[in-house]
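Keep the sequence and the model side by side.

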Amino acid sequence: MLKLILKWLLSAAALLGVAYIYGGVSVASFGTAMIAALVIGLLNMLVRPILVVLTIPVTLITLGLFLFVINALMFWAGSALVSGFVVNGFWAALLGSLIYSALGVLIDALLERA
């Protein structure tokens, strides 16, 4: 349970990091980042698997690159659901989701060591 809460807090900090690194994404506060990280996590857990299954042909044709589009859509959908978390269009969502995913990989690696 403690690791889950720590991952949530670190994911919120990563979202703030994305907003700091890239101007196409903005987050109003740490509280907003916590809510946005929760919403993005829920979207990735509930909606993303359905989209992945429905888009298998496109994903195969693009050799898996369409999964980046799905990640961007989940990131962008999170911004649509949380006020104070703003993503300026699809390309900002794509780059923001790439940075957020890279930071998420680092967070997972750090938590595995703990």
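What follows starts with a helix and ends in a loop.

This is a predicted model: local features need pLDDT of at least 70, side-chain atom pairs count only at pLDDT 80 or more, and totals for chains, interfaces and linings use all residues. Residues are numbered from 1 along each chain as its sequence is written, and side-chain values use heavy atoms, with hydrogens and water left out.

Begin with helix α2, residues 30-46. Helices here are DSSP runs of H or I with at least four residues, strands are runs of E with at least two, and both are numbered from the N terminus. Helix α2 has 17 residues and reaches 24 Å from its first C-alpha to its last. That is close to the expected 24 Å, where the expected span is 1.5 Å times one less than the number of residues.

Which residues of α2 are buried? They are T32, A33, M34, A36, A37, V39, I40 and L43. Buried means under 20% relative accessible area, with a 1.4 Å probe and protein chains only. Their cover includes α1 (2-21), β1 (25-27), α3 (48-54), α5 (66-81), β2 (85-87) and α6 (90-113).

Now take L43, in helix α2. Its relative accessible area is 13%, so L43 is buried. Leaving aside neighbours within four places in sequence, L43 is in contact with R48, M74, A77, G78 and L81. Contact means heavy atoms within 4.5 Å. T62 is 19 residues from L43 along the chain, and their C-alpha atoms are separated by 23 Å.

Last, the loop between α3 and α4 (56-61) holds T55. T55 is buried too, with a relative accessible area of 15%. Not counting residues up to four places away in sequence, T55 touches F66 and I70.

Methods. Buried means under 20% relative accessible area, exposed over 50%, partly exposed in between (1.4 Å probe, protein chains only).
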